[in-house]
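Please consider the structure shown below. The paragraphs that follow lead from the pairing of charged side chains to the chain as a whole.

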Amino acid sequence: MNSIGTSSTITKNEHSPPNKSTPFYSDQVIFVNGKTYDRKFTISKAFLDLDDPPGVKQSFHKFVHRNRILIFSLILIYFAVDGRNHGITKLIHHASVLRTIFVNPFELIIDLTVMYTMSFLMALFNYCYQKNYFSKWLFRKDNKVALFSFYLLVQFIIGTWSAYFILYRQIYPLGTQFYLGLVAIALSWKQHSYFIVTNYENLHKKKMNNKNIIIHKKTDGDQLNNNNNNKKNSNNDEENEKKIIEFNKEISKRQITYNEDFKTFWEVSKDYFIFLFTPTLIYDQYYEVRKVSKTLKPEPLKTRIISMLKELYSSMVIMMTAHYINVEYIFPVLTEKLDVYSYLKILIPAEINFQLQYYLLYHCALSLLADLSGFNDRLSFYNDYWAAVTTKSILTQWSKPVHNWLYRHMFSDMKSLFKVKTVICLFTTMIFSGFFHEFIVTSITKQVCMPWSTFSLISCAMFIMVENKLPKLSSSSYYHAFVRFLLVIGHGLFYFSYFYFCFSDYDIGYYRACMKL
């Protein structure tokens, strides 16, 4: 079997297909044309790990990334000797506070096992449908309404359990609740992508019109007219049938060879299990990239181990630094008085904290998962969002896994499956994304929901519409400065508003105790 299938690959400097002598961990970027959606995947390092093209000046972000071990070590030394920080004693305290924010991971084994096991209901349902088992006792394979209804039932069962487990039990501390919320959303979105991609042809193909034969009475007065009308109707029906046939052929080309590659439930389960622990939300990306990766020279084990150790060390220092900034520079201001002056004082610390947490999630955590799972499309984690100057470019570059899923399975699928207008698709996608942002926040704020994220995303949709209508404005340097200004004050406002509405009486005694150490 051809490991690349019908996908074509184009390297950065060559047009020959990749082979076992082509290492994915080099600076060569290999592009893979996805079948299901018209967007390419890559076989590549993460953006900050790639060398800059000749003549391009190194950005500040890449400078920090290349020297991160030295910089993070200096930060730890600063914590240990800083008089304000009370030296090594409080450094140890900041490290031990992670036990307060997070529980022992082994305590989550049972609950996480239940969540992931329930997710396998989707794989089981999909396998039974693909093998046509349901047609014997439930519904025919070409019944799209029944198929989608059964899918929604399975998704509802899994989603209800996750919501109960996270929102109503709330037996874990803040950091663990946040992590479980991310896991629940990732599982839900992965399940949806798995269902849509593996059933893309069945969901999109059109049925043939069976009303082609028109029965009429042969009367002397109407026979000639009826025959002429029947010929016209017959010709129209034939043209429609040809269009439907061509459309279905085009749709069938977009369907991945899922049934050919996984014929038993064991093979399906193994593939689904690996997908769940791969740092991507899109099944066709996982499927296509994995097939092409098998044709490449694997990364040396020593290189992967060193990479994992770097990400673990960076993650530990970033969490300690973020906690240090919160306790020393943000919470003291917010706990004293909430006013405009307080907001201005936390702007710079809040922006630094945002950048650290962004790097922690989109580079350290996702790269660590990529090393463990062998996922090679690391350029899909993030891009140079710090160079983005329009709303659309910011949304597409700074959270690529989320953006790519929303573009495929909300925006594109609404247009292709339900023929929804572009503007409605745009706002619906933003509201949908906002809902899951609020789910995360609600899971850690004692069930208090302040829809700041949803309002922000709806505003982004409005900005995108303005940018599309007024291209001269979107290319203006003044507009670029305005967008970046909003981005900076937005991060501080995020801290300020959520603390005011949700955390003003949440563990304040604990944080004041931290500040007095």
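A salt bridge is a side-chain nitrogen of Lys or Arg lying within 4 Å of a carboxyl oxygen of Asp or Glu. The model examined here is predicted, and by this rule it holds eight salt bridges. One of them joins the side chains of Asp52 and Lys62, with an N to O distance of 2.9 Å. Asp52 sits in the loop between strand 3 (40-43) and helix 1 (60-66), whereas Lys62 belongs to helix 1, ten residues apart. Asp52 is partly exposed, at 26% relative accessibility, while Lys62 is buried, at 3%.

Helix 12 contributes to two further pairs. Asp261 counts as buried at 19% relative accessibility, and Lys291 is buried at 12%.

The other pair is formed by Arg290 and Asp271, at 3.9 Å, N to O. Arg290 is in helix 12 and Asp271 in helix 11 (residues 265-276), 19 residues apart. Arg290 is partly exposed, with a relative accessible area of 28%; Asp271, at 2%, is buried. Elsewhere, Glu299, Asp371 and Arg378 are linked in a network of salt bridges.

These pairs belong to a protein chain with 21 helices and three strands. Of its 517 residues, 46% count as buried. Among contacts with a separation of 6 or more, 74% involve residues 24 or more positions apart.

Note on methods
Residues numbered from 1 in each chain as written. Predicted model: local features only at pLDDT ≥ 70, side-chain atom pairs only at ≥ 80, totals over all residues. Heavy atoms only, no water. Helix = DSSP H or I, 4+ residues; strand = E, 2+ residues; numbered from the N terminus. Buried < 20%, exposed > 50% of the residue type's maximum accessible area, 1.4 Å probe, protein only. Contact = heavy atoms within 4.5 Å.
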